[in-house]
Amino acid sequence: MTDVADDRSTARHPDDGAPIVEVDNLTVAFGSGPGAVRAVENVSLTVRPGDIYALVGESGCGKSTLAYALLDIVPPPGRVTEGEVRFKGAALERLRRRDLRRLLGLEIAMVFQAAMNAFNPVITIGDHVEHVLQAHPEVFPDSRAGRAYFEHLLELVRLPPAVVWDAFESQLSGGMKQRVAIALALLLKPSVVVLDEPTTALDVLNQRLVIDILRRLHRELGITIIFVTHDLAVVAEMATRVAVMYAGRLVEAGTVREIFGSRRRHPYVRALVDAIPSVLDKGLLVQPIAGEVPNLADLPPGCRFAPRCRLAQDICVRVEPPLLADGRHLVACHVVNEELEVTAR
Ligand SMILES: Nc1ncnc2c1ncn2[C@@H]1O[C@H](COP(=O)(O)OP(=O)(O)OP(=O)(O)O)[C@@H](O)[C@H]1O
């Protein structure tokens, strides 16, 4: 194993290709001085074209903040204090403001967690579409082609264009609004779409529908998907790669197979998996994770998960574990990495 701080090992894999999004040693802080809280700390990851990349963790682990940083839209008082995000090799913060706006609108789109309330309630969905098309004539010089493309997107998200075009937000159900938000995000043909908790606020049937739709959009439009979720069952169904965050740090990253099937897994990830009846089919034996994510302003020494970890040893409460790579599978845990090295000898 090699000691690295990210998932960019030099090992070659069949899915290797030029990265589309790279997060390099990124730290995002809220506030300043001793009271500052680092919602994202020294996180590095690489997203390649065609990935369906899941950012996972419990509430408060920094997933949404990381997602916002991917589009350079961290809300104040949050700010990037270290590291950078690169899109197709170009650092976002070094792009001129005009180029950045263009890039973010056209190449990377976001569907926000509160998509349910993301629309202006006094205009129709058709008006929303017209506004976007007018703001970006470079994508569809003929707005009729833009309208036709939106209708195509509505069909892909399984909504009837004739109903949706003249509808106001209040006339759509929660599931329909989420799907309209996805169609709108794709209108300018971005190569990457970032979705914050795309299934969380939906009932089970609508969750299923949104998962199916996102897989279809990925297949038919070839878009790269990055999504934030606290739900590993959704990850198991949809993602190709996964990064698991705990209290602002990356604790494990790898393929879905590595995250769910590998013997070498972070105890936090094991605990998350054990908390999903649908994945392990344990029925009533599901184990909730005891304790809570620590307050970011008052972190424990050593491994942040140690106070909740059944495997914790002395070293865990003293020394922060490094993120060790086996190929592109990364784990930050003294105990499981030690076990693997012992077995490998
Ligand atoms: N606007 C803000 N002002 C101050 N601190 C913030 C702000 N937004 C986030 N934080 C800090 O960053 C931490 C991580 O928040 P974030 O929303 O990124 O987590 P998350 O994993 O996406 O959780 P959730 O699923 O609940 O959104 C919070 O616990 C909080 O300490």
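## Close-up views of a predicted protein model

**Figure 1. Thr 27 has its bridge partner in strand 5, namely Glu 82.** You are looking at a predicted model, in which local features need pLDDT of at least 70 and side-chain atom pairs count only at pLDDT 80 or more, while totals for chains, interfaces and linings use all residues. Residues are numbered from 1 along each chain as its sequence is written. Strands (E runs in DSSP, at least two residues) and helices (H or I runs, at least four residues) are numbered from the N terminus. Strand 2 (residues 21-30) and strand 5 (residues 78-87) pair in the antiparallel sense, with eight bridges between them. Two strands count as a pair if DSSP finds at least two bridges between them.

**Figure 2. Strand 5 and strand 6 make a hairpin.** Two residues separate the two strands, and Lys 88 in the turn has a positive phi of about 45°. Strand 6 (residues 90-91) runs antiparallel to strand 5, and two bridges join them. Look for Arg 86, whose bridge partner in strand 6 is Ala 91.

**Figure 3. A ligand sits among 15 residues.** Phe 30, Ala 39, Ser 59, Ser 64 and Thr 65 come nearest. Strand 3 (37-47) and helix 1 (63-70) each bring at least two residues to this shell, and helix 1 gives the most, with three. What kinds of residues make up the shell? Six are nonpolar, eight are polar and one is charged. Here Ala, Val, Leu, Ile, Met, Phe, Trp, Tyr, Cys and Pro count as nonpolar, Asp, Glu, Lys and Arg as charged, and the others, Gly among them, as polar.

**Figure 4. Helix 1 is largely enclosed by the rest of the structure, because eight of its eight residues are buried.** A residue is called buried if 20 or more other C-beta atoms lie within 10 Å of its own, exposed if 12 or fewer do, and partly exposed in between, with C-beta atoms placed from the backbone. The buried residues include Lys 63, Ser 64 and Thr 65. The peptide bond from Pro 76 to Pro 77 is cis, with omega near 10°. In general, most residues other than glycine have a negative phi, and most peptide bonds are trans.

**Figure 5. Helix 3 has buried residues and exposed ones on opposite sides.** In helix 3 (residues 125-135), Ile 125, His 128, Val 129 and Leu 133 are buried. Seen down the helix axis, these residues fall within an arc of 130°, so they line one face of the helix. The arc is that of the directions from the helix axis to the C-beta atoms. On the other side, His 131, Gln 134 and Ala 135 are exposed. The buried residues pack against helix 4 (143-156), helix 5 (161-165) and helix 6 (174-186).

**Figure 6. Leu 156 lies in helix 4.** Is this residue buried, exposed or partly exposed? Leu 156 counts as partly exposed because it has 17 C-beta neighbours inside 10 Å. Setting aside neighbours within four places in sequence, Leu 156 is in contact (C-beta atoms, placed from the backbone, within 7 Å) with Arg 216, Leu 217 and Glu 220. From Leu 156 to Ser 143 it is 13 residues in sequence and 20 Å in space, C-alpha to C-alpha.

**Figure 7. Arg 158 and Ala 247 each have a positive phi.** For Arg 158, in the loop between helix 4 and helix 5, phi is near 60°. Arg 158 has 12 C-beta neighbours inside 10 Å, so it counts as exposed. For Ala 247, in the loop between strand 10 (241-246) and strand 11 (249-255), phi is near 50°. Ala 247 has 23 C-beta neighbours inside 10 Å, so it counts as buried.

Figure 8. The score pLDDT is the predictor's confidence in each residue, from 0 to 100. Its mean over the protein is 86, and 88% of the residues reach 70 or more. Over residues 8-14, pLDDT stays under 50.

Note on methods. A residue is near a molecule or strand if its C-beta atom, placed from the backbone, lies within 6 Å of it. Two residues are in contact if their C-beta atoms, placed from the backbone, lie within 7 Å.
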